[in-house]
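Please read it with the model open alongside.

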Amino acid sequence: MKTNTALTRIACCASLLTALTALGANPIQIENRKPGAADWQLTRVRLDSPSGMRSPFVEGYCSRQSVKAGEAIDIMVSTDPPAKFAIEIFRTGYYGGKGARLMKKLGLFQGKAQVIPKPGPKDIHECKWEPTTQLTIPKDWLSGVYLGRLTTMPADKEKPYWQSYVIFIVRDERPADILFQCSDNTWQAYNRWPTKYSLYTHPKGGQGPWADVSFDRPYGRQSQYTGIVNDPLSVGSGEFLCFEQPFTYWLEEHGYDVTYCSNSDMLTPDHGLKCKTFLSVGHDEYWDIRLFRSAEKLRDAGVNLMFFSGNAVCWVTPFRASSSGAPNRIIFRGGPYGAKQEYAVERQTQHGPFPENGPDEGYLMGARNGRPINGGGDWIVTKPDHWMFAGTGMKKGDRIPGLVGWEYHNLPATEIPGLEIVAKGNVWVGGETLSDYAATIYPGPKGNFVFNAATIFWCQDLSMPPGHTLPWSHWSRPHGPDPRVQQITHNLLRRAVGASK
Amino acid sequence: MKTRFLLCFLLACSSALNAAQNNLILDENRKPGSTDWQLTRVRTDKNNYRSAWIEGYCSKQSVLAGETIDIMVSTDPPTKFKIEIFRTGYYGGKGARLMTTLGPLQGTAQPIPPIGEKRLRECRWKSSATLKIPADWPSGVYLGRLTTLPDAADRPYWQSYVIFIVRDTRRADVLFQCSDNTWQAYNRWPDSYSLYTDPRGSHARDVAVSFDRPYGRQPQYMAIVNDPLSVGSGEFLSFEQPLAYFLEQHGYDVTYCSNSDCLDTSQITRCKSFISVGHDEYWDVPQYHATKAAIEAGVNVLWLSGNSVCAVSAFSPSADGLPNRIITRTGHFSGMTDAEFAQEEKCFTKDYRRIGPDETLIMGARTIIPANGGGDWVCVKPSHWMFAGTGMKKGDAIPGLVGWEHHGAPAKLPGLEVVGEGTAWSGGVKPAHWTATIFPGPKKNFIFNAATIFWCQDLSMPPGHTLPWSHWSRPHGPDPRVQQITHNLLRRAIGRGK
């Protein structure tokens with residue numbers, strides 16, 4: 001306990017020093033000294049029905065998943081009924097606890113109802129909306145996850161206003177300590193906009209190759225709002241605020257030098273190779289096979305990989321261009337990862353044939369996707385003497401309540417030399433059916449390491465950004481910030497970025 | 001580091017010294033908090049309402065130190081379980097302290113009672129444990145966390161809460177009244193037996209509910225707040241805990257009670273100010289008179305609540321004679337007009353009766369029709385002392401703070417001021433005009449009415465708290481302006497300088 005207190009004090013001290021001196025401050029620390037926004041959440045967020053997925057009153061999408069400073073991005077908005085509206089662009093971060101900074105206001109615009117596309121081949125819903133505005137990213141906008149808050153502006157004060165988000169990532173190419181990859185393929189895979197058109201809703205089967213999904217459409221509400229998390233802020237923002245933002249808030253709070261990218265930016269390893277560690281966060285189920293090869297290259301070149309995620313690298317989703325030729329705007333479920341692992345063969349047999357069969361993800365991540373794939377449980381330490389637990393005070397069998405869910409990893413690849421299982425235990429599907437999970441770490445070839453937390457919910461215990469909703473799934477739930485999870489994450493990151501404790 | 005540490009230390013010291021030296025709440029909150037008091041594995045049945053695996057209730061709404069309370073638990077299927085008793089507070093941010101652990105105990109499946117007169121569901125479960133409240137347990141809202149203890153590690157455990165209030169009789173600055181009548185009025189346990197489920201109409205008269213049953217999940221979990229921690233704890237954690245957490249964080253000298261404790265005016269007049277919090281819809285008529293008498297005696301009243309003092313709920317004893325264990329909706333307070341009742345005829349039915357006095361006389365504003373909705377809380381009188389230090393200007397809006405029910409139609413009382421007003425939309429479309437008010441009492445005291453159930457959502461965010469999303473509108477969580485207004489009101493009410 002003493003050690004724990006001392007560590008906390010040293011951590012406080014370190015953040016104080018960096019705050020007091022600009023000397024050697026990294027771009028994230030400098031950015032987070034700027035004033036945060038007191039009002040960036042959605043207040044009035046309405047769906048077409050209580051069980052609806054979309055907000056026709058105001059909704060939109062962006063022309064690209066990610067954009068570099070100096071480049072342009074289009075924002076497409078529909079308002080039905082037609083209404084005037086404004087767009088406020090926020091960068092998410094820490095900002096003294098506020099969680100976001102107002103970067104720019106756009107508008108007023110006169111909105112109109114844009115066309116809901118008819119189902120196309122493979123049920124694709126690809127919008128071809130008129131751009132409302134084109135935004136050229138200023139040179140001084142730091143890499144980050146950006147929200148555009150759309151707000152209708154009724155002329156009459158007795159009329160209600162409505163809001164939703166659009167989301168995009170500003171990326172850069174700088175060598176940073178940490179490359180944070182948003183799991184935006186998975187956000188889109190589960191996106192049912194306008195009603196029931198995700199990768200899970202095709203009449204031929206929810207797990208087959210039958211459906212295409214396009215990034216050219218708004219994100220609807222978190223698709224399993226009665227089963228996983230009922231998050232009003234998810235309307236338009238994919239699953240970033242539900243499953244990833246607590247990580248970015250926490251990283252920026254502690255001044256880690258982090259840069260952000262989309263799944264689609266990992267098609268090449270170029271940026272990752274300039275960074276010291278790569279993070280997969282939240283629910284990162286859908287990877288083009290080129291992402292897999294990029295991650296392998298990073299590991300082999302000495303970059304640390306950390307899967308603070310669950311159900312990661314489960315399905316191969318080849319990218320395709322949109323009908324207008326914009327690259328990487330369509331994905332489909334092309335086949336299982338897992339090579340000849342039992343669960344991969346089972347999926348080929350039951351839901352295929354698939355055109356793709358990805359390599360065994362266990363050899364990349366250290367643990368795999370095995371059936372049953374979802375559930376909830378406590379995260380239980382099995383190897384407390386590992387350095388990652390230093391300062392946590394944890395003993396063998398200590399548990400972090402509800403941290404495992406709503407999907408996880410198991411079947412550890414014990415044949416990897418040096419692989420250690422640092423946590424394992426039981427999870428229950430629907431509160432009933434038993435399964436298990438295993439969190440692992442193994443050494444890379446150059447003194448680097450690959451960590452696998454084996455849970456989508458890891459970052460729920462790192463921080464509680466303003467307006468955040470904790471999940472409740474499979475009758476189990478994480479509790480929010482836990483000093484032990486924070487300390488483990490610090491230990492892993494500090495070793496990965498070469499900082500002292 | 002040294003500088004910062006010293007500063008924190010000095011700040012903590014000075015705020016401690018500023019307050020009364022023997023502040024029970026400050027002392028209590030210096031004790032170590034618990035890192036694990038939330039529910040982790042909480043499950044509801046096929047109706048998504050109750051937790052049959054483990055659920056329970058207490059024999060009293062509130063209890064004095066030295067007295068005993070029984071905890072009745074059912075586990076279906078039968079299983080061993082334990083009970084951990086936590087006091088909710090601040091505790092360095094952790095939010096609760098572990099007071100004692102009871103068990104392991106052997107659970108049994110206890111019977112679901114038949115439907116009685118007036119749709120009453122009254123359990124008569126065997127007591128699982130009798131707890132004598134130790135003399136050193138301070139007044140507070142206490143949670144009993146029930147946890148099943150499976151025989152094998154590959155079987156899941158299940159949890160839910162019971163809830164009770166420890167009260168006292170001391171003089172304190174602030175009396176925090178839990179709105180437990182309203183928790184029970186909305187409690188549908190076992191599935192559809194609340195004061196709202198009579199086929200005649202959702203506000204029909206002569207419907208009764210008993211405190212002798214577990215609290216189910218927040219009954220409007222898809223429309224108001226989907227709060228897993230509400231299973232067994234009424235609506236305390238959803239609508240009231242953020243105020244308790246905030247008060248104890250700032251060392252206010254607060255004592256807690258149940259609605260049923262406010263039948264007696266001396267329970268209120270022992271304190272400098274009285275707070276109604278969250279959703280405080282159901283009052284027996286003697287509560288009204290006790291509060292009115294307290295105002296006349298100089299007590300400040302803060303209605304940090306919405307839809308308050310709307311329905312008359314007469315207390316009666318349970319079948320085995322325990323007092324105040326059944327409430328019956330016998331009618332309504334008399335603020336609302338006939339035209340308003342008529343607008344919601346389906347809900348109130350044609351035989352509605354005004355049997356209580358005019359609630360606006362003790363509140364300044366009242367329930368209006370539409371009674372529910374959501375809106376921004378808009379400042380209209382920024383020069384009022386309650387806004388000092390907030391930087392607010394006329395028309396400044398606090399997003400989504402008004403909901404899911406509110407007050408309006410301010411009374412014509414001498415000196416009454418409307419400090420906030422605006423529109424809230426029911427179902428996102430139907431407007432209502434809400435008003436927040438303040439008026440002077442006879443002894444330089446004041447009566448403030450925030451006009452929203454959600455006021456405390458913007459005071460703090462206790463661990464595990466879920467923000468509501470209702471009528472397509474939502475508050476954002478802690479807002480420095482709402483915190484400052486609340487400090488200004490409380491500090492004046494208890495006679496402490498800024």
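In which loop of chain A is the place of A:Trp475?

1. A:Trp475 lies in the loop between E23 and H10 of chain A, where helices (H or I, at least four residues) and strands (E, at least two) are DSSP runs numbered from the N terminus. Although A:Trp475 is not a glycine, its phi is positive, at about 60°. This residue counts as buried, because it has 24 C-beta neighbours inside 10 Å; the cut-offs are 20 or more other C-beta atoms within 10 Å of a residue's own for buried, 12 or fewer for exposed, and partly exposed in between, with C-beta atoms placed from the backbone.

2. The model is predicted, so local features need pLDDT of at least 70 and side-chain atom pairs count only at pLDDT 80 or more, while totals for chains, interfaces and linings use all residues. Residues are numbered from 1 along each chain as its sequence is written, and chains are lettered from A and ligands numbered from 1 in the order in which they are written.

3. A:Ala454 also has a positive phi, of about 65°, without being a glycine, and its place is in the loop between strand E23 (449–452) and helix H10 (483–497) of chain A. With 35 C-beta neighbours inside 10 Å, A:Ala454 counts as buried.

4. Two cis peptide bonds deserve a look. One runs from A:Gly405 to A:Trp406, with omega near -25°, and A:Trp406 sits in the loop between strand E20 (399–404) and strand E21 (420–429) of chain A. Another joins B:Trp189 and B:Pro190, with omega about 5°; B:Pro190 belongs to the loop between helix H3 (180–186) and strand E10 (207–210) of chain B.

5. The largest nonpolar core has 138 residues, and A:Ile178 and A:Phe308 have the most contacts inside it; such a core is a set of buried Ala, Val, Leu, Ile, Met, Phe, Trp, Tyr and Cys residues joined through C-beta atoms within 7 Å. Strand E8 (residues 163–171) of chain A gives the largest share of this core, six residues. A second, separate core has 136 residues, among them B:Cys178, B:Val254, B:Met392 and B:Leu489.

6. Between the chains, 32 residues of chain B are in contact with 32 residues of chain A, contact being C-beta atoms, placed from the backbone, within 7 Å. On the chain B side, strand E18 (397–402) and strand E19 (417–426) are the elements that give two or more residues. By class, that side has 14 nonpolar, 11 polar and seven charged residues, where Ala, Val, Leu, Ile, Met, Phe, Trp, Tyr, Cys and Pro count as nonpolar, Asp, Glu, Lys and Arg as charged, and the others, Gly among them, as polar.

Note on methods. Contact = placed C-beta atoms within 7 Å.
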